[in-house]
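The following exercises concern the structure shown below. Each task sentence is followed by a solution in steps.

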Amino acid sequence: MTEIGKVYGPDRSQFAQQAVRLAVADAGLQMSDLDGLLVSSGIAGGVSIELQRDLDLRDLSLVAGVSMWGTSMSVMIQMACMAIETGQADTIACVFADAPLQDRGRSFGASFAEGRPPKPGWRGLTEAAGIVGGNPLMAMNARRHMLTYGTTSEQFGHVAVAQREWALRNPQAQMKKPITLADHQDSRWIVEPFHLLDCCLVSNGGIAVIVTSAERAADLAQPPVRIAGYGQCNPGYFDRHDENFGLVSGAVKSGPAALAMAGVTIDDVDVVQFYDCYTYTVVVTLEDYGFCKKGEGGEFVASGVLGPGGSLPLNTGGGQLSSFYLQGATPVSEGIIQARGHGGARQAADHDVVLVSNNGGSLDHHTTLVLTAGAA
Amino acid sequence: MTTSTINLGPVCRDATTDSFFSATAKGQFPICRCSDCGVVGGPQQTQCASCGSAALAWEAASGRAVVRSYIVNHQRAAPGETLAPVVVAIGELAEGPWWWAQVADVDPDAVTEGMRLVLDFARSGEEMVPIFRPDT
């Protein structure tokens with residue numbers, strides 16, 4: 001992990017280079033040990049397979065760019081597992097980097113929306129109505145959940161407050177001050193039903209994960225973390241007419257697939273890391289993995305299970321809401337930290353089985369990873 | 001009571017949307033009916049979502065719709081300076097397809113699931129863009 005947050009100077013590719021070098025060193029490897037490189041850009045683009053040249057990596061047997069939005073990091077890890085299992089490669093760096101914050105003092109929204117020509121095709125019509133970027137798309141999903149199940153903004157607020165409490169125990173988190181439910185309710189509207197404190201942060205930085213065989217991992221510098229199971233479900237772009245819109249995510253299928261591969265059930269999971277682009281995303285995802293019944297996610301998050309001292313250690317670093325937003329690399333990195341037992345003041349007491357869940361697009365893509373502590 | 005306003009961004013007619021904007025210019029919202037199986041899809045369809053047939057015939061939607069979800073965009077001219085809110089809804093057309101569009105002249109706090117809407121059109125540059133209004 002590079003320095004992450006409001007970090008100016010390095011461009012996206014430089015963050016990606018730094019992240020790979022740091023991860024290789026962290027594992028106790030040399031750059032020449034890598035024989036695979038999987039890369040993914042964030043919203044700002046700019047990280048490509050040219051990273052191989054920038055890092056002067058030679059004779060790699062696996063290189064690919066992955067463009068799966070928020071699921072990219074998990075998809076790269078899945079691809080790395082398959083490549084290792086089939087013998088195509090042995091030690092693969094999976095890297096995600098983003099640098100949407102380019103100027104001090106300017107919001108990303110301003111940088112994003114300013115002076116853009118109309119988009120071609122149907123996308124142009126949607127954007128003309130004001131559906132630009134993730135906020136309105138996910139707000140539309142969230143509102144449908146509220147209309148259908150009676151979920152409330154106050155219930156979303158419980159997610160924001162709990163994760164801020166976790167972030168206060170994470171020295172790498174961007175947000176350093178506690179918040180209350182009232183702060184959440186009083187924060188300005190972004191797109192109703194989302195207040196500011198329902199929305200993830202914007203961050204610059206890079207994260208790389210080294211995937212290798214269990215045999216090799218056992219001899220490296222860090223406690224090994226096993227990728228015991230993985231699954232994907234891509235429900236499709238269901239904005240044209242789909243009864244599941246806003247109510248059900250791909251986790252209903254990717255979750256059971258990954259848990260079955262790992263030979264565990266949801267009751268065995270000790271620590272949970274979810275994609276939390278918005279508070280709502282946590283609510284719907286909890287339902288889809290079966291932590292509570294469909295439609296009861298709002299009541300569940302308001303019941304005190306979240307946050308330090310709660311019964312469900314979820315987004316223990318503060319998540320994308322309060323720690324940093326590097327898309328799917330946020331849940332993955334915190335999942336690895338917890339499985340290693342390196343969480344410091346935020347470490348979950350039990351961390352044998354860690355569930356990592358990522359979304360892409362507007363709930364169009366979903367991936368699950370089951371991580372277990374130890375190489376065996 | 002605050003009433004929503006319409007604030008459309010620019011649009012551009014291209015090969016994909018040419019026949020759509022030709023229809024909206026005449027006050028029609030075009031939907032596609034499959035000539036083989038009769039299933040209706042939105043204007044974006046290039047093949048039938050049900051049977052895969054590319055034989056689609058255009059027809060004008062009735063203009064009736066109901067709210068399936070909605071959001072309220074709070075525009076800011078500058079920090080602290082608020083403008084009239086913009087409501088965007090997913091309207092389920094009477095024929096089935098969903099369409100995302102701004103809703104004119106509605107109290108944002110009064111929008112409900114299943115609320116009845118009618119299609120209308122508002123100008124953006126050279127083109128007419130579909131919007132919704134409450135069905136009063």
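**Exercise 1.** State where P193(A) is placed, and describe the peptide bond that joins E192(A) and P193(A).

*Solution.* 
Step 1. P193(A) is found in the loop between β4 (189-192) and β5 (194-195) of chain A. Strands (E, at least two residues) and helices (H or I, at least four residues) are DSSP runs, numbered from the N terminus.
Step 2. The peptide bond between E192(A) and P193(A) is cis, with omega about 15°.
Step 3. A note on conventions is needed here: residues are numbered from 1 along each chain as its sequence is written, while chains are lettered from A and ligands numbered from 1 in the order in which they are written. The model is predicted, so that local features need pLDDT of at least 70 and side-chain atom pairs count only at pLDDT 80 or more, whereas totals for chains, interfaces and linings use all residues.

**Exercise 2.** Determine in which order the four strands of the open sheet in chain A are arranged, and which strands stand at the edges.

*Solution.* 
Step 1. The order is β7-β10-β9-β8 (chain A), with mixed pairing. Two strands pair if DSSP finds at least two bridges between them.
Step 2. The edges are taken by β7 (225-233) and β8 (271-274) of chain A; each has a single partner strand, so one side of each lacks a neighbour in the sheet.
Step 3. From one strand to the next, the twist averages 15°.
Step 4. β7(A) and strand β10 (residues 365-373) of chain A run antiparallel and are joined by eight bridges. Within this pairing, I227(A) has L371(A) in β10(A) as its bridge partner.
Step 5. Helix α3 (residues 72-85) of chain A lies across β7, β9 (353-360) and β10 of chain A, at about 115° to β7(A). For such angles, axes are lines fitted to C-alpha atoms, for helices over the stretch in contact (C-beta atoms, placed from the backbone, within 7 Å), and angles run from 0 to 180 degrees between N-to-C directions.

**Exercise 3.** Explain why strand β7 (residues 86-93) of chain B is largely enclosed, and identify the bridge partner of A65(B).

*Solution.* 
Step 1. Seven of the eight residues of β7(B) are buried, so the rest of the structure largely encloses this strand.
Step 2. Strand β4 (residues 64-73) of chain B pairs with β7(B) in the antiparallel sense over eight bridges; the partner of A65(B) in β7(B) is L93(B).
Step 3. β7(B) and β8(B) also run antiparallel, joined by six bridges, and V87(B) has V103(B) in β8(B) as its bridge partner.
Step 4. The hairpin of β7(B) and β8(B) has four residues between the strands, and G96(B) takes a positive phi near 120° there.

Technical notes: Two residues are in contact if their C-beta atoms, placed from the backbone, lie within 7 Å. A residue is buried if 20 or more other C-beta atoms lie within 10 Å of its own, exposed if 12 or fewer, and partly exposed in between; C-beta atoms are placed from the backbone.
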